[in-house]
Amino acid sequence: MTNTIRAEIITIGDEILFGQITDTNTQWIGTELTNIGIRPFRKSSVGDQADAILQILHEAHQRANVIIITGGLGPTKDDITKKTLCTYFGVGMVRNETALALVTSFFEKRGRAMTDLNRAQADLPANAVYIQNDWGTAPGMWFEHEGRVYISLPGVPFEMKHLMSNRFLPKLAEHFQTPIIKHKMIRTVGIGESFLAERIEAWEDALPDHIKLAYLPSFGGVKLRLTATGDDNAVLDRELAEQVEKVMPLIEKSVYGFDNDELENVVGTLLKEKNLTLGIAESCTGGYVSSQITKVPGASAYFWGSIVSYSNAVKVTQLGVQPETLDQFGAVSEETIRQMAEGVRKALGTNVGIATSGIAGPDGGTPDKPVGTIWIACSTDQRTVTRLLKLGQYRDQNIQLTTTYLLNMLREELLNQ
């Protein structure tokens, strides 16, 4: 088996550290590197300070074969990546005529005047291999230094992705003799990480050395990621399939999908396959369940609408909840949630109705019904099922967990149709 090529990804920019933008570049780069057999093993974020950038570059040199840098290539004074790379490599800055011609053409096509700052974007460290950026003026740069490859990319995601996909990934694949790295994701819901680990312990212990397991917890579920490393694509696919087949009898009831499956996609597929329609009644989730359902392209084929019934008056007039039910049991009760799920199905004329009602927090709780007390329900023409959730104190977390549990309840009911 060939040696593992290790990559470190460094994002540069105060805006990342200050939380003003979300770093999506690292996740995307990591996925793409894995697809060509390069293993990302560390990521770092650093601000626009030369000494901090130099330090992280020196550290990365000790750890990685490939160092990928995004950000800091703009025309303004706070974009210092090129100057810092000159210091790091001990070289000067030179104007690249090919880069200058492309920058000039970029501005001419848009009828815009160039400034000296714009022209300076064609100035590169002397040891850089210029890589053309078709979608912007910030350059892509490739360096080879003391047995390492350094790649410098713009931080703008669409420019970075285009450069990586069309320029750097093919160049990396050609430069390194890399192993094949294959992933298989098993997606579970409604089971805690420790319970899951205990259930599959013997299977996990028996995994061969070249197949590793990672637990990736998320709201309401855990993703099991199998990663296999080898030289034969077909063999790895077969081995991963065999391991999935072995573990499934232990966890099948908790598994809702594989790889890129999301609960809302799985539910949508089931509704379409069974030619069923869905209506949603939401109280404590305030429309979040509906937003997840409509994230799926083509959801209009099965999703007819929702009623966000925050007030009891709307529960009565639009969903048909009986006033006596609210008076006797309250809005957060099994009796009310049952009538909400059945009521939205009738009101919208759908085959299936699902509903939420609870105390998401951070206030509104009582000794009998503390924050995190939430009821969910799913109603079909066969039956109505309900469930009490006892969650925590955090509003956003409660809303997301409620949505996950409700969509899984819907999935289970659809499988029984």
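Helices (H or I, at least four residues) and strands (E, at least two) are DSSP runs, numbered from the N terminus. I note that this is a predicted model, in which local features need pLDDT of at least 70 and side-chain atom pairs count only at pLDDT 80 or more, while totals for chains, interfaces and linings use all residues. Residues are numbered from 1 along each chain as its sequence is written, and side-chain values use heavy atoms, with hydrogens and water left out.

**Entry 1: threonine 380**

I looked up threonine 380 and found it in the loop between strand E16 (373-379) and strand E17 (384-390). Is threonine 380 buried or exposed? Threonine 380 is buried, with a relative accessible area of 4%, where buried means under 20% relative accessible area, exposed over 50%, and partly exposed in between (1.4 Å probe, protein chains only). Not counting residues up to four places away in sequence, I listed Arg345, Asn351, Val352 and Gln417 as the residues that threonine 380 touches, contact meaning heavy atoms within 4.5 Å.

**Entry 2: the sheet E14 to E17**

I then followed an open sheet of five strands, which has the order E14-E13-E15-E16-E17 and mixed pairing; two strands pair if DSSP finds at least two bridges between them. Strand E14 (303-308) and E17 are the edge strands, each pairing on one side only. Inside the sheet, E13 and E15 pair in the parallel sense over five bridges, and I noted that glutamate 282 stands opposite threonine 356 in E15. Helix H15 (residues 334-348) lies across E13, E14, E15, E16 and E17 and runs at about 145° to E15, the axes being lines fitted to C-alpha atoms, for helices over the stretch in contact, with angles from 0 to 180 degrees between N-to-C directions.

**Entry 3: the nonpolar cores**

A nonpolar core is a set of buried Ala, Val, Leu, Ile, Met, Phe, Trp, Tyr and Cys residues joined through side-chain atoms within 4.5 Å. Which residues have the most contacts inside the largest nonpolar core? In this core of 33 residues they are Leu278, Ile293, Val352, Ile354, Leu410 and Leu414. Among the elements that each supply at least two residues of this core are strand E13 (278-282), strand E15 (352-358) and helix H16 (395-415), and the largest share, eight residues, comes from H16. I also recorded a second, separate core of 26 residues, which includes Ala60, Leu85, Ala99 and Leu100.

**Entry 4: strand E3 and its partners**

I checked strand E3 and found five of its five residues buried: Val66, Ile68 and Thr70 lie on one side, and Ile67 and Ile69 on the other. Five bridges join strand E1 (residues 5-12) to E3 in the parallel sense, and threonine 11 stands opposite threonine 70 in E3. E3 and E8 also pair in the parallel sense over five bridges, and there threonine 70 stands opposite leucine 153 in E8.

In helix H4 (residues 81-89), seven of its nine residues are buried, including Leu85, Cys86 and Phe89, and H4 is followed by glycine 90, whose phi is positive, near 70°. Where is the kink in helix H7 (residues 157-175) centred? The kink, of about 45°, is centred on methionine 164, the bend at a residue being the angle between axes fitted to the seven residues ending there and the seven starting there. Met164 is itself among the buried residues of H7, and what covers those buried residues includes helix H2 (25-35), strand E2 (38-46) and strand E3 (66-70).
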